[in-house]
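Hi,

Here is the structure I promised to pass on. Have a look at it first, and then read on for what turned up.

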Amino acid sequence: RRVHGESSSIHICNMLARRVNILSRHLFPNLTSASLRAPQFSTIAVGQTLPDVKLFWLEEAPGSIDSTVCRKGDIKSLTTSEAFKGKRVALFGVPGALTPTCSERHLPDFINGHDDLRNHGVDLVACVAVNDPFVMAYWGSLNKAHGKVLMLSDGNGDLAKAIGLSVDLTAKGLGHRCKRFSMLLDDLTVTHLFVDPTAYSTTSAANLLSALQPAKK
């Protein structure tokens, strides 16, 4: 009798579950398991405040260009508020450290443009990517970024997701990365934003610098 009763209870539960599933599909036609798993974020816009997200960086020996940077480094964490509050910041994001366009053009461009950006009122130039702190520090050392560009790790992709610029590159074995972007922040508020996931020119240091310069009459 007990086994029969348990079987009846299971049958009733399964029947109710099927009915709830059918009803939910009618009431919420766009609701999927994927949408339940991963919250959707809108792309950040000019005038909005940069979300407060934890990033990471590696305290390193300046000028090191070999693997000793990884052995001597100490991982530090800081939030975007701690890094950027009260400052005018040129922040740029790249799909990946050591990748062709990012290494040959984007990072060197901001390193070379550092002085011009500072002369136009920028307090800090920072680079962020969905790579671990060791990779970001080593990449920065190879390009002599120390003292010019702060190399920040968004290793978990939290910032990329929070500002709506996460991109799925799993088809290429790269996981979820960050779209290529550059922005100007004034005390954490976005004053200029350029996003170009497939190219480079609109997110360059030169383009960001032009936004800082007064328009010619």
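This is a predicted model: local features need pLDDT of at least 70, side-chain atom pairs count only at pLDDT 80 or more; totals for chains, interfaces and linings use all residues.

Let's start with the backbone. Leu98 sits in the loop that runs between strand E3 (88-94) and helix H5 (100-112). Its phi is near 70°, which is a positive value in a residue other than glycine. Leu98 is partly exposed, with a relative accessible area of 48%.

Lys144 is another residue to look at: its phi is positive, about 55°, although Lys144 is not a glycine. You'll find Lys144 in the loop between helix H7 (133-142) and strand E5 (150-153). With a relative accessible area of 62%, Lys144 is exposed.

Now for the rings. How many aromatic pairs does a search of the whole structure find? The answer is 1 aromatic pair. The partners are Phe92 and Phe110, with ring centres 4.0 Å apart and planes at 10°, so the pair is stacked; the cut-off for stacked is planes under 30 degrees apart. Phe92 belongs to strand E3 and Phe110 to helix H5, so the pair ties together parts that are 18 residues apart in sequence.

Cheers

Methods
Residues are numbered from 1 along each chain as its sequence is written. Side-chain values use heavy atoms; hydrogens and water are left out. Helices (H or I, at least four residues) and strands (E, at least two) are DSSP runs, numbered from the N terminus. Buried means under 20% relative accessible area, exposed over 50%, partly exposed in between (1.4 Å probe, protein chains only). Rings of Phe, Tyr and Trp (its six-membered ring) pair if their centres lie within 6.5 Å; planes under 30 degrees apart count as stacked, over 60 as edge-to-face and the rest as tilted.
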